Structure formats: structure tokens, C-alpha cells
Amino acid sequence: MKRTWLALACSAACPWSMTAFAQDTPELAKSLGVVTVTGGRPTSLPTQIPTTIEGITGEQIETTVNATDSEDALKYFPSLLVRKRYIGDYNHAILSTRASGTGNSARSAVYADGILLSNYLGNGIANGTNFAPRWGLVTPEEIERVDVMYGPFSAAYPGNSAGAVVDYVTRMPTQLEAHVKAGYASQPNDLYNTRQSFDSWQTSASIGSRSGDWSWWIDVNHTTSNSQPLTFTTATIASGTPGAAGTPVTGFVPGLNTTNTPWYILGTGTQYHTEQDHAKLKLAYDFSPTVRATYTLGYWQNSAEARPASYLTNAAGLPVYAGAVNIGGRSFTLAPTAFPLADDAQTHYMHGLSVKSNTQGVFDWEVTASLYDYAKDTERAPTVALPLAAIGGAGTLQDQGGTGWNTLAAKGTWRPQGAGGAHIVDFGVGRDAYELDILKTNVLGNWQDGPGSSPVSDVGGRTQTYNAWAQDVWSFAPKWKAVLGLRYEHWEARDGFTSAGINSQSYAARSESDLSPKAALAYQWTKDTVLKASVGRAVRYPTVGELYGATTGGALSFINDPNLKPEKSWTGELSLEKDLGNGLARATLFHETTRDALFSQLIPGTTVSAVQNIDKVRTTGLELAYTGQDVFMKGVDLGGSLTFADSKTVADAAFPAAVGKWQPRVPRWRSTVFATWKPDARWAFTVAARYSGRQYSTLDNSDVNAFAYFGASRYFTVDLRVRYQIDKQWSAAFGIDNANNDQYWNFHPYPQRTFSAELRFDL
């Protein structure tokens, strides 16, 4: 896999730039460890990037990655993991970074064409709500490139960048082009008493062109996906009452839970069938050769059915879903919702507007605004048991309509001595605002289509952050470069309320202001080697969901805390970057100390999670990365990474059992290895492997059995892809993800061996 890796050493007299782009596409050049971004297209990237950065182009994704969703572009990046459970996973695909696990979605930042896709309404997963990035607003086919910046070292980004910043740039043609693609995937699954293949289909089409001062792009995509079972109905053996009461049943699967307590797997809980539609329109107008306006409209629709399957059967061979059952001489009472159903329906809109100058002279500027709107977002669930629930009955309706966020920013770049001068200053001001509203009601009539009636709960609130920032890249000596930055943020939380039945509570408004300094220093050690040190402070404020978003019922419930403190991190890294001629190598030492870290954890023995501040978490690690072209022989590209992280809770007065334990969902070891062979211009063969070591899901690391439902296990997977260029316009690809069929867990089971095939036409 030939990945465009920006951790490149290059002298100031010999800047390195990316492969050729259209005239207005962002170009990235590296000099003395600092990446310079030029181009007129919208992007979240500042003009100067003082941190480790890696990237991949759309062409490389198409050649080497079995990409069905936009997050798949990140699959082989160092130290990154997206918790994607199935094709089209819209509510749990959270990004994990060096020192942040897959429960901390608010510790990374994802953008597309400068528009925020990260969902800072909450953090992680709460009952009936999800806060994964809105990956569905970008399709793999429209990606032009993706860049990832590690750590909070740029003043241009909020404290949510503590883990990483992911920046997508999508296509905007300079001449007529069109693309059509069809894909199919199949996952034969064998887990517990489920033995079934789960299939998915995708079709996409796009067209765009440029005419005079106007450019335009239209992209549409449809996905039909069937997931493997994701949740399971369980009962510990000790929870049963000895005796002969209850209907005798068979079909249960004995096992051990994450604490090695004997339990029974009684059936599956959630298996999704989802239908998703994506559409995007981009328009750009050049007011002059150096000033461009760009408007983006994104549409995403999802209809999903979550269905269970009981493993239990009675003496007549009929499935049993509720009531008193008897297993091995013990009686268990199954609630009507023991095997839950749910119907999700979402329609979301995204708007983005940017006006940007690109003179590369003394001064450039940009003004941007974006809006993300939950126009419709409902979840319906029955409160009656199967089989009646399959056709109707009582239930609840959870509605998040009106929820969303908006951003507004103005940025400038000042080059007092011109583009090649000793100083380049980036600066800006901005505002981000978030509104959460979750109304849950009982349904009048049929749970599948009846209107809401009496309220069950109603929660919501608002947060907003104002910011001002500046950073100066200073070339103060021939072999030295420094980056100094400062970010000011003023955060407010208001209009918070929670209501359950007749009990309601309003919360007082809060505010806080913080300064976050940043600094980096790079030294050209030799002609092909750069040393770089970076340090930065990040303040991650509590989300509106963590403060006010209490939810009840369903599989899990969540307890909010309006008094949460912001988490505050200091992060540093020391990197050595070396140009090997036909390859690039990097070694990075990193360290992070976070005080008042925000975590949501299950309360032991319950299905209720609560958010809390952890006094102090500390992470120290080493990351090695390499990529090379034409290695050993022409046409062979190799790459890989290895990350070690010692990440532990070092202080927690509220929960002393967590002290000295591993931070949840951050493995000690993780690695990627990949190779692509192109014997000629038509064929490309790729093999890639990913490894992650032991993980824990709980603060006290009590989940000692990782290979179980709720566990977070180690894994080793091998992916294969073959692509064939049939002619100038037609291409085909075949792939296998998890070819070795490793069965592994991250609370939910990951996909088993999955076969994929696709056919593509490019005009």
C-alpha cells in the first residue's frame, strides 16, 4: 500500500509536496518538520501544521482498501481504530487514538471540507442516543484525500483534538467526470447458536464538472446492510431460583461473562437491517482568481430495524421470549423486553459555506459557517413481549428532532515578509453551539406507527464555546523552526433540564474560560533527518449530553451529571523523521497527562452507566511508522506501524480500585503491516494485517475475560484485496476482510470473515 505519509524530513531549500492536484486542491509541503497547506478549497487545516501528520489519497484507498464506509480510509493508520461493527454502522463507529479508547468520541475531531462531522452533543454511547462522527455524510467514492494530525499541537483546533484530527477533502472536478460503483459483501457468521450469512449491497454514482467560474459536484449512495447479532440476552446462573417453577426450555448456551461468572446466553438482542441513503451537492464560484465561495449540502437518511432471536424453545419446539423459564433446575423470569425490538428512522441535513482567499501573498482570509440538523431522529420500541411485539402492541417513542449544532469561524494568515519569510502567522475567532433535545413518550396505539402520548422523560440543554487563537511559525535559523501558539476558549452551558414522569429539574447556567498554549521546535539534524519536539494543552469541556442527557429504559440507561469538570490534558511528543530515499521512517515518543478525565462507566451489577471525572490518567508510549515504495523490487510497496502505550489511572479518589489499572479500551500494543504488489498497470494485490493487544472496558479492569459479550479482546486480522483495471473506464475488485476469521470483541462482536466484490465505471 503506497500511503502518502507526511511525516517526512526535508530541508528548507528542498520542500516536498504531495502528488499532483487540481489547481485549487489543498497541497501539503513539509519543511523542517512543519507542514504547509496551500490551495483554495475548504479544509479544516490551518496553513501551518506543527504535529505528526499522515495521509492517504482517494486513489490509494480505491487500490488497496476494502472501503465500504468513509471511516475505512483510516483502517491502517498508526495508532487508530474505528469501532465499526458492520457496513453502515451509524451509531457506534467511534475513533480510538494513541491515548483515547473507543468510549471517548469527544477526544477526536473529524472534518469534511472544513465542516465538523464529530458529534460533540455527547461522548460515546448512551441509551437510544449515539455520538459517533457522522461518517455517513462522506462516501469512499468521493474522497480525494484524508489527513490525520496526532495530538493537540495546533492552536486552530479545540481541546477535542487531544487524540487526533481527521480531515477529509472530497472531490471537486476541474472538468466533466462521472463515476458509478456497485458492491456486495457477505459475512458467514457462526457465534453461539447463530449460524447465518449476513449480506450487504451498495450502489453509488457521482458526476461533476467546471464551467467558467462555476464548479459543481453531485454524489449519491444507497446502502442495504444486514449486521451480525450485536447484543445478547443473558442471565447469570446465580440469578436463578432453584426449583421446578417455570417452563422448561432448551437451546441456551452456557458460558462465562467478563468476570468469569457462569451465565447463560439466551438469545440475540440486536441484529440490524438498515437502509441508508446519502446525497451531496457541492457548488463553488470563483469571484476572482484568488477568492472562492463554496457551498455544501449533505443529506443522510437511515431506516433500521433491530430484531432479536431467542435461542430458547419449549417442549413443543416453539421459541420462548418472556415469562418464567426453567433451565437446569433453576427458574428465571424474563421481562417482556428481554428480547428487545427497535425501529430507527433518521433524516439529517448538513450545510456548509466557505469564502476563502488564496493569494499566497502577505495576507489571506477565510470565513466559514456550518449547520448540522437532526430534522428527524426517532427510535420506536415495544414494551410488550414477542411474538405480539412483532405485529404491534404498546411501546415508546424517542424523538431527537431539533437536535444539532452549528459553527461559525473567521481565519486569517499573515506573512509579513511574504510567503518565504521568517514568520507565518495564522489566527482566528469562532463559535460552536450545540443543542440537545430527547423526548421519550408512550405510544398511543401501535408502537410501530402510533403517535406519542404521555411523556416518559424529556432531557435537553445547550452548550456553546467562543474561541480566539493565533500561532506563529518562526524560521529563526537555517536549520531551526519554531511554532508558538495560544488558544483562548470561553465555554457556556445553559437551559439544561431533565424530566422523568412527574419529576423535573432545571440546572443553573455555567461558564468557564481557559488558555491552551502550544509549542513545537524542529531541527534539521542531517540532510535527510529531522528532530521535532511538540507540546500542547487541551481543554475538553463536558458535552451537553454528559451534563443533562439522562435516559432510562431500553437495554441501557444513563445518569447525567450537571457538575462535571472539564478534562485538561498536557500532551508532548518527540519525533525523529528520516527520508530513506524510497521510503520514510518515523519514531515518536509521546506522553499525555489528563486531569479530571471524563469517563462513562457501567455501575457494577446493573445496566446503568454514569459519567464521572477521573482525577488523573497518564499515558506514555512509543510509535514507530514506516512506508516505502518499490521495496526489494519494482512495484512492491510496504508499510507498517507499531505502537506501545502505557496508559493507566494514577489517581481517583472517588474510585480507588481504578488506581494503577489500565485506561479502558487503550491496548498496550497495536500494530499494522501492509504490502501492495503491482506487477503491471492493471493488477494490484494487497495484503494487510492488524493487531491489538489486551484491553479492558472497566476502570478497575475487573473484566478479566475479554472474549465474551461486554468484553474488549485482543485481535489479529488479515485483510486481502485484488483490484483489476479492465480497461480505461472499467475496474473490478475482490476482497476479504478478517480472512483468518478471528472472533474478537469490543463490547459487541466484530464482524467475522467478510467477502466483498465491486465493479466500477469511471468516465
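Visitor: Why is Y264 called buried?

Guide: Buried means under 20% relative accessible area, exposed over 50% and partly exposed in between, with a 1.4 Å probe and protein chains only. Y264 has a relative accessible area of 10%, so Y264 counts as buried. The model is predicted: local features need pLDDT of at least 70, side-chain atom pairs count only at pLDDT 80 or more, and totals for chains, interfaces and linings use all residues. Residues are numbered from 1 along each chain as its sequence is written, and side-chain values use heavy atoms, with hydrogens and water left out.

Visitor: What makes a residue a contact of Y264, and which residues are in contact with Y264?

Guide: Contact means heavy atoms within 4.5 Å. Leaving aside neighbours within four places in sequence, the contacts of Y264 include T233, F252, P254 and F332.

Visitor: What makes a space a cavity, and how many cavities of 30 Å³ or more does the structure hold?

Guide: On a 1 Å grid over the protein atoms alone, a cavity is a set of points where a 1.4 Å probe fits but cannot get out; lining residues have an atom within 4 Å of a point. The structure holds 14 cavities of 30 Å³ or more. The largest has a volume of about 660 Å³, and of its 44 lining residues the closest to the centre are D72, K75, K84, R690 and D737.

Visitor: Which residues are closest to the centre of the second largest cavity?

Guide: That cavity holds about 340 Å³ of space. Of its 22 lining residues, Y111, A156, T368, A409 and D432 are the closest to the centre.

Note on methods:
On a 1 Å grid over the protein atoms alone, a cavity is a set of points where a 1.4 Å probe fits but cannot get out, and a pocket is an open set with protein on both sides within 12 Å along at least five of seven lines; lining residues have an atom within 4 Å of a point. Grid points are joined across faces, edges and corners, and a volume is the space filled by probe spheres set on the points.
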